[in-house]
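Reader: Please pick one part of this structure and go through it closely. Then say what surrounds it and what else deserves a look, and define the terms on the way.

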Amino acid sequence: MYINCHTYYSLRYGTIKPVQLLQLASGMGLDCIAMTDINSTSACLDFIRQAPAHGVRPVVGIDFRNGAEQKYVGIARNNEGFRELNEHLTRHLHQGRPFDECAPVFEHAYIIYPWSRYTGWGLRENEFVGVHSQEINHLRLSPYRNQTSRMVMLQTVSFRNKRDFNAHRLLRAIDNNTLLSKLPGNEQGKPHHRMSAPEVLEQLFEDFPELIENTRNILNTSSIDFTFGTEQPHRNLRCYTSSEEEDYAMIERLCHEGMPYRYPNPTPAIEQRVKKELDIIKEKGFLSYFLINWDITSYARSKGYFYVGRGSGANSVIAYLLRITDVDPIELDLYFERFINLYRKNPPDFDIDFSWTDRDDVTRYIFNRFDHVALIATYSTFQYRAVVRELGKVFGLPKHEIDLLSKGDFELGRLDQLSQLVLQYSTLIQEFPNHLSVHAGGILIAQDPITSFTATFLPPKGYPTTQFDMVVAEDVGLYKFDILSQRGLGKIKDAVSIVAWNRPEDEAIDIHDIKRFKEDERVKHLLRNARAIGCFYVESPAMRMLLRKLQVDDYLGLVAASSVIRPGVARSGMMREYILRFRYPERRKEAHPVLLDIMPETFGVMVYQEDVIKVAHYFAGLDLGEADVLRRGMSGKFRSREEFARAKEAFFEKARMKGHDVEMVAEIWRQVESFAGYAFAKGHSASYAVESYQSLFLKAYYPLEYMVATINNFGGFYRTELYVHEARLHGADIQAPCVNHSGAETVIFGRRVFLGLGLVKELEHDTIKHILASRMAEGPFESMLQFVNRVRISREQLAILIRVGALRFTGKGKKELLWESHLMAARTQRKPTTSRTLFDSPPRDFTLPELDTDAMEDTFDQMELLGFSLSDPFNLLKDPLHNELRARHLEEQVGKEVEIAGYLVTIKNTRTHDGKGMYFGTFLDRDGDWLDTVHFPPIAAQFPFRGRGIYRIRGMVTEEFGCINVEVSELEKLPIIEDPRFSDARTTTRVRHSREMEKATYQNKLLS
């Protein structure tokens, strides 16, 4: 009876979750409804999947609208009709054009025009006019009252109650960026757009029984068929070649060709493993999945792109032979069948990381190479604080009140009615989908057109993107290919190139010689001592401390550490237990015998994602199918599903049947549940470790070149300043940007490192481009006059270059150059020209008085324009430090209270189990050594951080597993000297006042 129902995927319009719509229909006794969201198919597949559980037969379609104005509703008669409607919506979304008054011809879909817009044009066989119950009296008086054979009931359902309608009006006001009081009536729905019991609806239309019959006929002749869950075959591209037989022959040949590269002397066990995997891959229908990944990585190698194949697919020797991954599963004892077994329905994950500079080209290649391709969407939802701000504006609250509400800085009982309404409806609207975004790297390559499943939109990336997310895609059998980007690969690739350029006499680096890196003593030294700044995945404070605690210096230890560091392991308490068992072998005896037997390598501690399957299968007694459901559910995306609930119940029941103690089973389950959603597959961790070893090798032998590559790839965990500091520690002569040496990026000449022009704040891209083009065409600049004549540049851009020191090649001071730039004002403001004059006419010569320069002026200019100083930040302190205590002395002070100074590097905010805020601080002492601090909740609240700078730290020195921390009891940010650029005592009072204002502005910029 209802053929125009909306969910909250009618973005910024609907208010009902798909499952709530089904519950509503079921509660009304309806056995069939049509869900037709506004210009959206996001909810369609999930609606179809969930409907049978509520006793509702699903019908789907689309409500085609221009803004809030309804043009017509399309109802899919079958799957082909669904594809037609999706294609129609896709064309309009891609082209950004409005819908016409009349729908195009559809072979397999019904079209319903709203009564309010129908003016009597001829209707096709599949087209009807829809009448709302509120329009029945108009119909009675209409000349069309006797022509009801082409009419249906169009009872729109957008709300459940008055509260939903109020939320809808607020959403419409947000969408129109207007006050609620000024929201136009034609931009919102009607209060009566609700669902009534079918007998009530029929009573309203009792004078027009043909409308009731026509509506029933549309629903009865419409159906949609998709298979969901574990039984459906995957809907990815089924064959890479023309048949499965050819696919098998091809993958078998590729494995044979790849064997000498990976295993020069393969053992019978290796050959048996290959045969076993191929048989399972063929039986599961995953041949094309592996071949597509092979195709993508083959293209990358042909272009010289670096990549890392990771994910659970790294457990496969086939992936290793096809060079999708660089992880040897035989060496690491990775059991393929635990991730692809006869119970598993979905293919293994292959996350392929490319350099951030190469990923876009790989994506372009995939869209050109295959036919039915789309990016996957994500739902950007309304978050509480953002909703508070939006609703505050809609209700017309002043900004300061909105700020207080969004921060939670209020007493509920003292709020006025409007503010309370803001909070009330913010809670309701929170987590509603707001708009569609794009998944970080998910790409679908399907057997059938993407529009068989969804309409697509065109985000700024320029590629068709689904209207559903990866969870819905997997439900229907579409499994994504993850094409991701990371800066770590860019650093490695660039470092290799920089070494070849800066050290041409050195032997070329084989960056893929991982076996050599694993045994290298310099690399082992960096790992043992956690000296890995800039190195992929092992440079963060948490990882640095974990490496120190474990004293890892081998590959398998690093593989384990890469997963142990994940938040779930720490949260479950198993990270500490792993460290204890790693360092103290006698502690391993405390492990449960079954757990120790199935996880001997990690001393009975769950570290990897596979461990969920191991524990579920061997400890609890679940079969591999149930264990795989459990593993999949642990990701959190499927945790609410019924099959996961059944697997959890089976875990407890079968574990008890095996005779395990009830309390022990509950504790093991707690560990599984707390960590599995975050844990890495072992192959995934191993892939990360490979990249870590590559970066560690470069850091060990080519630290300067590697730091330059790190800076040029915009760092890693830390700010650029720290990588500049690290390069200096390794002997680099750090130079400020220079128009004669720097590129847009940082460059190195021997040990001299010139920071890139691209690091200079507010220096425009076009300015840098003109400088480099002129230098390339005509050589270095010899004077500022020549520079101004050759480069198109404004006075403001020239002043930035002077102040950052980029024109110091002239041998003149900044103040002198700034005066000269003003005298050259006419030249800097002249119109661009593509030709040069034969002779540069010199400017009028002025004799300038001697201009005093304070060395600290450079420091403050650098802080303003680069974001950091190239000199020692401790030299900026207003009062010199007399405390000689350094971080290296703290080992001797364990258990004592100390006072020490440190330059703030980074802060990690976290919360205790009862929700109180605390911090972990990372500082550098005056010698450049690490200083780590812990700020428990009372101290964190009493002594908050106050931005970047140098702090006086007082606290108790503690030690755990060789790691030194200071438990802070007092924290004070130390004042720095007055900015000398604004402290000239000889200026007049008026000028001093003006400069004070300017000084305040600069200081605010520095603090931010």
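Author: In helix 13 (residues 384–394), the buried residues are Val387, Val388, Leu391, Gly392 and Val394. They line one face of the helix, because seen down the axis of helix 13 they fall within an arc of 155°. Here the arc is that of the directions from the helix axis to the C-beta atoms. In general, an α-helix has 3.6 residues a turn, so residues three or four places apart point the same way. Buried means under 20% relative accessible area, exposed over 50%, and partly exposed in between, with a 1.4 Å probe and protein chains only. Helices (H or I, at least four residues) and strands (E, at least two) are DSSP runs numbered from the N terminus.

This is a predicted model, in which local features need pLDDT of at least 70 and side-chain atom pairs count only at pLDDT 80 or more, while totals for chains, interfaces and linings use all residues. Residues are numbered from 1 along each chain as its sequence is written, and side-chain values use heavy atoms, with hydrogens and water left out.

The buried residues of helix 13 pack against helix 5 (162–176), helix 14 (399–407) and helix 15 (417–429). After helix 13 comes Gly396, with a positive phi near 80°.

Two residues other than glycine also have a positive phi. Most residues other than glycine have a negative phi. For Asp333 the value is near 60°. Asp333 sits in the loop between helix 11 (317–321) and strand 9, and is partly exposed, with a relative accessible area of 40%. Tyr537, not a glycine either, has a positive phi of about 70°. Its loop lies between helix 19 (521–528) and helix 20 (541–550), and Tyr537 is partly exposed at a relative accessible area of 25%.

Strand 9 (residues 351–355) runs antiparallel to strand 8, and four bridges join them; two strands pair if DSSP finds at least two bridges between them. From strand 8 (residues 307–310), Tyr307 and Gly309 point one way, Val308 and Arg310 the other, and all are buried. Tyr307 has Phe354 of strand 9 as its bridge partner.

Elsewhere, five strands form a closed barrel in the order 18-19-20-22-21, with mixed pairing. From one strand to the next the twist averages 50°; axes are lines fitted to C-alpha atoms, for helices over the stretch in contact, and angles run from 0 to 180 degrees between N-to-C directions. Strand 21 (residues 950–960) and strand 22 (residues 963–973) run antiparallel, joined by 10 bridges. Thr958 has Asn965 of strand 22 as its bridge partner.

A nonpolar core is a set of buried Ala, Val, Leu, Ile, Met, Phe, Trp, Tyr and Cys residues joined through side-chain atoms within 4.5 Å. The largest has 101 residues, and those touching the most other members include Leu547, Tyr555 and Phe787. Helix 29 (residues 682–701) gives the largest share of this core, eight residues. Another core, of 92 residues, lies apart from it and includes Cys5, Phe82, Ala109 and Met195.

Finally, confidence. pLDDT is the predictor's confidence in each residue, from 0 to 100. The protein has a mean pLDDT of 90, with 92% of its residues at 70 or more. Residues 831–839 have pLDDT below 50, and beyond near neighbours in sequence this stretch has four contacts in the model, contact meaning heavy atoms within 4.5 Å. Where pLDDT is low, the predicted coordinates should not be read in detail.
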